[in-house]
Amino acid sequence: MASKGSGPIPSGTDGNDHVFRQRIAEQYLISAQNKSRLKFCIFYHFLLFCIMMAKLSADILDRFDIFVLEIEELEIPKPLLWEYLWCLSVFVSFFALSAVKKNRIQSIRRYMYLITIFGFGPIIYGAVYYFRDVWTYVSSGSTENIMLWQGQPYGLLWYAFIALAVQIHLFSLYFSNNLLEAWLARGMKKSR
């Protein structure tokens with residue numbers, strides 16, 4: 001290894017002119033940053049999936065005819081179809097993980113399309129479905145004629161979940177789009 005001060009230095013330079021040669025192309029920096037950010041979003045998506053599975057556990061156990069007293073005592077309301085459809089969005093995340101691992105443009109595009117369908121579609125349906133209950137509670141503060149669970153407005157609990165899911169899906173799409181643009185930019189420079 002050469003150390004500073006060992007060996008001759010060309011005249012007219014102090015040895016610090018090497019900085020221009022050590023720059024990393026911007027698309028690679030963008031790619032590296034957005035890969036890690038997308039992985040964080042997918043991690044939080046998995047956490048939300050665990051919360052949803054905890055909610056669905058009573059129904060799943062009922063379907064298998066398994067009785068657990070502690071879960072039955074919670075009196076968890078029966079799930080709607082959109083809750084199961086949203087759970088499919090966690091499997092879509094494997095497209096993103098595959099794309100991130102090998103910079104696959106087609107896989108990241110599939111992820112973006114499928115997360116829009118299975119992530120946002122059911123969430124939007126849930127938001128519309130519980131809107132009347134939430135609006136009634138927020139506008140009047142009354143819990144009459146709205147569904148309650150453990151003394152809390154059920155629709156408002158769902159809106160908290162929906163708000164988190166929307167943020168995670170939006171950030172996932174944003175980071176995926178940044179990755180797609182960076183990978184396409186890299187491909188453009190190679191083809192020249």
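These are my notebook entries on one chain, which is a predicted model.

**Entry 1: the whole chain**
I began with the overall layout. I found seven helices and two strands. Reading along the sequence, I wrote down the order α-α-α-α-α-α-β-β-α. I then looked up how much of the chain is covered. Of the 192 residues, 33% are buried. The chain exposes about 12700 Å². Carbon and sulfur atoms supply 63% of that area. I also checked the contacts with a separation of 6 or more. Residues 24 or more positions apart account for 75% of them.

**Entry 2: helix H5**
Next I turned to helix H5, residues 105-129. H5 bends by about 30° at isoleucine 115. Ile115 is also one of the buried residues of H5. Others on that list include Tyr111, Met112, Phe120 and Pro122. Gly119 and Gly126 are buried too.

**Entry 3: a patch on the surface**
Last, I looked at the outside. Which residues form a nonpolar patch on the surface? They are Leu81, Leu85, Leu88, Phe91 and Phe94. Together they have about 500 Å² of accessible area. I traced the patch back to its helices. H3 (81-87) and H4 (89-102) each supply at least two of its residues.

I picked out leucine 81, which lies in helix H3. Is leucine 81 buried or exposed? Its relative accessibility is 61%. Exposed means over 50%, so leucine 81 counts as exposed.

Key. Residues are numbered from 1 along each chain as its sequence is written. This is a predicted model: local features need pLDDT of at least 70, side-chain atom pairs count only at pLDDT 80 or more; totals for chains, interfaces and linings use all residues. Side-chain values use heavy atoms; hydrogens and water are left out. Patches are made of residues with over 30% relative accessible area and no salt bridge: like charges are joined within 9 Å, nonpolar side chains (Val, Leu, Ile, Met, Phe, Trp, Tyr) within 5 Å. Accessible areas come from the Shrake-Rupley method with a 1.4 Å probe; for residues, only the protein chains shown count as cover. A salt bridge is a side-chain nitrogen of Lys or Arg within 4 Å of a carboxyl oxygen of Asp or Glu. Helices (H or I, at least four residues) and strands (E, at least two) are DSSP runs, numbered from the N terminus. Buried means under 20% relative accessible area, exposed over 50%, partly exposed in between (1.4 Å probe, protein chains only). The expected span of a helix is 1.5 Å times one less than its number of residues. The bend at a residue is the angle between axes fitted to the seven residues ending there and the seven starting there. Contact means heavy atoms within 4.5 Å.
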